[in-house]
Amino acid sequence: MATDKEMKNALEVFATLKETLDARNWTYDAEEDELRIHLGVNGDDIPMRFIFICDAERQLLRILSFLPFEFDSEKRVLAAISTAMVNYDLVEGSFDTSIENGNILYRINTSFRDSIISVDLIDHMIDIACFTVDKYNEGFYELNSGKIGIEEFMMKYL
């Protein structure tokens, strides 16, 4: 359970997060009690959904994006291989694959322990998250649907 100081820090980051999203004129659903925000944005191809979490106990601001499809059971190892290849090239954030259910998740985190999180940092995290998910989501989709193989995925997306 978060201490009073940790909760105070998380509430301050949550307020800065809402300020950042409001400055972008983005519409979102805030779960004030859970310090979570849900929103969707349009990319070049596949719509993207994001969850922002101010984790008071771990003192982390987390941005998560689950891709809106699951890899077929026979292609989940391919999903794991392709996410590992993409992650090798990423500077910030990472993709995770669930072999169990075929979900692919992008995540980017920053600690706010004994720190002040600025609007500029949150803007940067949002920009990186949107760019990264938008860059690779179509490739993962094409790989799952069989439109491309792993070699073409590598050539086209890496």
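Guide: Let us begin at the surface, where Val 77, Ile 81 and Ile 99 make a nonpolar patch of about 270 Å². Patches are made of residues with over 30% relative accessible area and no salt bridge, joining like charges within 9 Å and nonpolar side chains (Val, Leu, Ile, Met, Phe, Trp, Tyr) within 5 Å. A salt bridge is a side-chain nitrogen of Lys or Arg within 4 Å of a carboxyl oxygen of Asp or Glu. Areas come from the Shrake-Rupley method with a 1.4 Å probe, and for residues only the protein chains shown count as cover. The model is predicted: local features need pLDDT of at least 70 and side-chain atom pairs pLDDT 80 or more, while totals for chains, interfaces and linings use all residues. Residues are numbered from 1 along each chain as its sequence is written, and side-chain values use heavy atoms, without hydrogens and water.

Visitor: Where is the place of Ile 99?

Guide: Helices (H or I, at least four residues) and strands (E, at least two) are DSSP runs, numbered from the N terminus. Ile 99 lies in the loop between strand 5 and strand 6.

Visitor: What is the order of the strands in the sheet?

Guide: Two strands pair if DSSP finds at least two bridges between them. Here, 6 strands form an open sheet in the order 1-2-3-4-6-5, with antiparallel pairing. Strand 1 pairs with strand 2 (residues 36–41) in the antiparallel sense over 3 bridges, and Glu 31 stands opposite Arg 36 in strand 2.

Visitor: Which helix packs on the sheet?

Guide: Contact means heavy atoms within 4.5 Å. Axes are lines fitted to C-alpha atoms, for helices over the stretch in contact, and angles run from 0 to 180 degrees between N-to-C directions. Helix 3 (residues 119–145) packs on the sheet, with strand 6 (104–111) among the strands touched, and its direction makes about 165 degrees with that of strand 6.

Visitor: Is Glu 6 buried or exposed?

Guide: Buried means under 20% relative accessible area, exposed over 50%, and partly exposed in between (1.4 Å probe, protein chains only). Glu 6, in helix 1 (residues 4–23), is buried because its relative accessible area is 16%. Beyond its neighbours within four places in sequence, Glu 6 is in contact with Met 1, Ala 56, Glu 57, Gln 59 and Arg 113.
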